[in-house]
Amino acid sequence: MKHLVIGGAGYIGGVCVEKLIERGDAVVVLDHLGTGHRENVHPNAIFIQGEKGDSKLLDKIFSEHKIDTVLDFAGLIQVGESVKKPSKYFQNNFCQGVSLLDSMRRNGVDKIIFSSTAAVFGNPKTVPITEEADKSPINPYGESKYFFELAIKRYAEAYDLKYTIFRYFNACGATIMSKEQHINESHLIPLIFQAVKGERANIAVFGTDYETTDGTCIRDYVHIEDLISAHLAAIKYMEKSFRNEFNLGNGSGYSVKEVINAVEKITGKKVPVVFADRREGDPARLIASSEKAKKELGWSPKYPKIEQIIESAWSAELR
Ligand SMILES: NC(=O)c1ccc[n+]([C@@H]2O[C@H](COP(=O)([O-])OP(=O)(O)OC[C@H]3O[C@@H](n4cnc5c(N)ncnc54)[C@H](O)[C@@H]3O)[C@@H](O)[C@H]2O)c1
């Protein structure tokens, strides 16, 4: 089987390429390298630099390669930037996505797996968050991903597109080949590592008066290998089930303080912390219900403990 992985030079897409190749599938990677890294791409993958909304390029790729499934990891992911530059986010995450769907239609490629996000839920009314929970994103990043989810569903109804939408909570951890290295990092674990290594003065904890066990926000952390194992299962599952959506998380969360404590335990180093006011729009608890993925895909996380996740991420830092 041959797949097109768009955004395969990024953190999550890069691991997907690695795992697909490990199991013997062929992979074509399309990435504009705006936020990705060429060295993230497995040497056995075919790499093409370009935009996912470039129709001519997509026509060429689809005519030269018999693609079974398109896996779309290509997104801009900075919530703060999306508020300042909504045009960039809607163009990249939504408009280019629609062009991709049209290129797929023109070329008879009918399966897509799309990386969506917990941000489509906004401030959820109840946790754990199920797939049926209200979608009410509160920033252009979440909206751009949600609009593309809606487009995928409409294309499925009208043109028989087969899809799996995954909504990730917090992807983290590393593999032997890849580690988390976003440009303008905004994710908690790599930011704490930067503080531990003296690359930033400290880590700011926003809000200590939430209604949680220790007053700090609780989030759901999923090891990158677990995220990708769900994608591999979905490729198979889509042979018999054509319209799927799953939330992917551990189903239990960790507070910011718990994550910091775990980093201190594993690195043996003190994390310099400053406590700050709450940030606007940060819900107290964001935890996924992954019951549906467990039941339908037979998926379950192999690395559910925060210590396992941090251990793998820290060993990648030391390599
Ligand atoms: N990292 C997380 O915790 C998380 C959580 C929820 C959802 N997601 C989603 O997962 C996906 C991957 O996230 P990531 O953490 O690997 O980010 P990343 O920035 O490391 O990877 C994204 C990759 O896509 C490429 N790209 C972006 N737009 C493109 C375009 N128009 N054409 C071609 N290439 C393009 C970038 O160059 C980069 O290599 C994103 O769509 C994101 O919304 C990530």
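The model is predicted: local features need pLDDT of at least 70, side-chain atom pairs count only at pLDDT 80 or more, and totals for chains, interfaces and linings use all residues. Residues are numbered from 1 along each chain as its sequence is written, and side-chain values use heavy atoms, with hydrogens and water left out.

**Domains**
- Domain 1 covers 2–171 + 221–248, and domain 2 covers 173–220 + 251–318. These bounds come from an automatic or database domain assignment.
- The C-alpha centres of domain 1 and domain 2 are 23 Å apart.

**Domain interface**
- 41 residues of domain 1 contact 39 residues of domain 2 (contact means heavy atoms within 4.5 Å).
- The two domains bury about 3600 Å² between them, and carbon and sulfur atoms give 60% of that area. Buried area is the accessible area (1.4 Å probe) that two parts lose on being put together, summed over both.
- Y11, Y221 and H223 supply 24% of the area that domain 1 buries against domain 2, more than any other three residues.
- Helices (H or I, at least four residues) and strands (E, at least two) are DSSP runs, numbered from the N terminus.
- Helix 7 gives the largest share of that side, eight residues.

**Ligand site**
- Of the 31 residues around the ligand, D31, N92, Y141, K145 and H182 come nearest (near means a heavy atom within 4 Å).
- A polar side-chain atom of Y141 is 2.7 Å from a ligand oxygen atom.
- Polar backbone atoms also take part: that of I12 lies 2.8 Å from an oxygen atom of the ligand, and that of H32 lies 3.1 Å from a nitrogen atom of the ligand.

**Backbone features**
- Most residues other than glycine have a negative phi, and most peptide bonds are trans.
- V127 and P128 are joined by a cis peptide bond, with omega about -5°. P128 sits in the loop between strand 5 (111–117) and helix 5 (140–159).
- L33 has a positive phi, near 60°. Its loop runs between strand 2 (26–31) and strand 3 (46–49).

Definitions and conventions:
A polar contact is a pair of N or O atoms within 3.5 Å; within protein, one must be able to donate a hydrogen and the other to accept it, and residues adjacent in sequence count only if both atoms are side-chain atoms.
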